[in-house]
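Hi there,

Here is the structure I promised to send over.

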Amino acid sequence: MQVIKEYVQRWYESELEPDEYICHAKQGNLVELEDAKTGDRRTALTFCTNDVLGLVQADSVRQAAIDSILQYGTSNSSCSVLSGRIDLHRQLEDEISEFKHLAHTQLFLNAWMAMQALMDAFCHLAIPVPGFQHTRETLILTDVLNHGCIVSAISNAGTRSGKLFGHSPRVRVRAYRHCDVNDLATKLRRYARPEDRIMVVSDAVFSMDGDIAPLPDILDVMQNYEGSVLMMDEAHASGAIGATGRGIYEHFNLTPQQAIERGVVPLIMTTFSKFAASAGAAISSHVAELKPLLNVSPTSIGTISLPPPLTAAALESIKIVRREPERVRQLQENTAYLRSRLAEQDFLAIGETNVVPIILPSEINPKLFGRLLLENYGIWVSPIWFIAKPRLRVTVNALHTKEEMDRLVAGLVATRNVLYKPTISA
């Protein structure tokens with residue numbers, strides 16, 4: 001424990017710990033915040049919530065959660081395969097399947113569990129079955145900037161979760177350069193063997209860069225490996241891209257069926273914490289046999305099923321998204337407006353989605369920038385200072401007004417003027 005104490009002390013001295021704010025109330029994009037260190041409270045305009053369609057406080061979503069508690073209670077108190085499956089689960093799975101155009105959907109408590117369950121199901125066939133021998137190795141190709149839930153799952157893919165040692169065929173993992181389809185093709189030619197079971201895994205929208213995976217080009221490469229599997233994590237894509245918010249396939253005017261027709265097996269992970277006013281995740285497939293394997297992964301049978309209020313909130317939210325596509329259009333219009341205003345003020349905002357990473361000059365500490373922006377202008381953004389390119393991560397949502405976005409830009413300019421003093425060479 002002494003080592004831990006010394007380490008954390010050094011961590012604090014290095015100012016690596018995040019500033020902590022505690023939310024006491026929300027109304028739209030206005031939040032009442034308490035500074036955890038000082039206890040000071042203030043009302044702030046938030047640009048760091050992932051409630052991209054503004055559904056967290058929608059009346060019908062809140063009422064659906066309340067009604068589910070009255071009917072089922074606050075928890076199912078069991079895993080799905082024992083006594084924890086309720087009708088709301090089936091309704092939510094069916095709603096997601098229609099939304100994503102893939103007929104079979106399995107729910108999970110979160111994306112981390114969903115991805116690990118997929119590794120168990122795909123690489124290890126979940127559980128041993130008498131009389132069946134699994135002999136084929138798995139090759140997984142992953143974008144180097146994939147989300148941590150993907151990285152964690154594939155780094156542990158060699159052994160089925162819940163086991164210290166595995167007896168399945170080997171799992172080989174190789175990374176390809178970010179959104180670089182030529183590198184993906186090179187890695188597949190180099191590492192794929194005739195009997196391999198191949199899976200390519202990618203974020204649809206990358207959470208730190210705000211850019212979109214080149215899906216059509218990925219399919220062009222993968223169609224040369226018939227039966228290969230493409231897993232798209234649509235955490236930041238659902239509700240945000242595509243004409244009606246269906247995600248990356250709709251964004252490129254494609255459907256999962258077109259991938260199937262080209263010999264590629266499409267899988268989609270949907271998460272509920274961004275567009276669906278809830279928590280939890282789901283994996284969808286056109287292969288019916290995958291679902292029972294996902295259902296018996298240790299990350300399914302070793303914990304409770306998705307609680308009723310979370311299930312009900314996600315279900316009602318997705319119904320709203322399907323019924324009111326104008327929410328998606330408003331989000332996309334807001335994204336275009338804010339990005340244009342940032343460009344006018346010479347901010348380097350990378351990507352193309354409502355996730356707007358603003359790359360700062362190297363001498364500016366994003367944590368200090370975010371702190372001053374909140375203290376002086378009442379605007380709350382997410383400073384990211386612990387990665388290779390420090391940045392502010394601004395997230396636009398459908399509720400932001402032009403006046404609020406203009407206020408953000410004005411605050412950013414004023415804070416930059418205070419912190420950035422470029423040296424002019426003679």
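The second largest cavity holds about 40 Å³ of space. Please keep in mind that this is a predicted model. The residues around this second largest cavity are His104, Thr105, Gln106, Ile283, Ser285, Val287, Leu290, Lys291 and Leu294. By class, that makes 4 nonpolar, 4 polar and 1 charged residues in the lining. Strands β4 and β10 (281–285) and helix α11 (290–295) each contribute at least two residues to the lining of the second largest cavity.

How many cavities of 30 Å³ or more does the whole structure have? The search finds 2. The largest cavity has about 140 Å³ of space. Its lining comprises 17 residues, and those nearest the centre are Ser80, Gln106, Leu107, Ser305 and Leu306. The largest cavity has 7 nonpolar, 8 polar and 2 charged residues in its lining. At least two of the lining residues come from each of α4 (87–100), β4 (104–108) and α12 (298–301). With 3 residues, β4 gives the most to this lining.

Leucine 267 counts as buried because its relative accessibility is 3%, and the cut-off for buried is under 20%. Leaving aside residues up to four places away in sequence, leucine 267 touches Leu118, Met199, Val229, Leu230, Met231, Met232, Ser284, Ser285 and Leu290. If you want a distance to check on screen, the C-alpha atoms of leucine 267 and valine 201 are 9.4 Å apart, although 66 residues separate the two in sequence.

In α6 (residues 148–155), the buried residues are Cys149, Ile150, Ala153 and Ile154. Viewed down the axis of α6, these buried residues fall within an arc of 120 degrees, so they line one face of the helix. What do the buried residues of α6 pack against? Their partners are helix α5 (111–124) and the strands β5 (138–143), β6 (171–176), β7 (197–203), β8 (229–233) and β9 (265–271).

Strands β1 (residues 21–27) and β2 (residues 30–35) pair in the antiparallel sense, with 6 bridges. Within this pairing, lysine 26 stands opposite valine 31 of β2. The two strands make a hairpin with 2 residues between them, and glycine 28 in the turn has a positive phi of about 65 degrees. Strand β2 also pairs with β3 (residues 41–46), again in the antiparallel sense, over 5 bridges. Here leucine 30 has leucine 45 in β3 as its bridge partner. This second hairpin has 5 residues between β2 and β3, and glycine 39 in its turn has a positive phi of about 80 degrees.

Further along there is an open sheet of 4 strands, ordered β11-β12-β15-β14 and paired in the antiparallel sense. β11 (348–349) and β14 (382–384) are at the edges with a single partner strand each, so one side of each has no neighbour in the sheet. In the pairing of β12 (residues 355–359) with β15 (residues 391–395), there are 5 antiparallel bridges.

Which residues have a positive phi although they are not glycines? Two to look at are cysteine 179 and asparagine 253, each with a phi of about 55 degrees. Cysteine 179 is in the loop between β6 and α7 (181–191), and its relative accessibility of 23% is why it counts as partly exposed. Asparagine 253 is in the loop between α9 (248–251) and α10 (256–261). Asparagine 253 counts as exposed because its relative accessibility is 70%.

Technical notes: Residues are numbered from 1 along each chain as its sequence is written. This is a predicted model: local features need pLDDT of at least 70, side-chain atom pairs count only at pLDDT 80 or more; totals for chains, interfaces and linings use all residues. Side-chain values use heavy atoms; hydrogens and water are left out. Buried means under 20% relative accessible area, exposed over 50%, partly exposed in between (1.4 Å probe, protein chains only). The arc is that of the directions from the helix axis to the C-beta atoms. Contact means heavy atoms within 4.5 Å. On a 1 Å grid over the protein atoms alone, a cavity is a set of points where a 1.4 Å probe fits but cannot get out, and a pocket is an open set with protein on both sides within 12 Å along at least five of seven lines; lining residues have an atom within 4 Å of a point. Grid points are joined across faces, edges and corners, and a volume is the space filled by probe spheres set on the points. Ala, Val, Leu, Ile, Met, Phe, Trp, Tyr, Cys and Pro count as nonpolar, Asp, Glu, Lys and Arg as charged, and the others, Gly among them, as polar. Two strands pair if DSSP finds at least two bridges between them.
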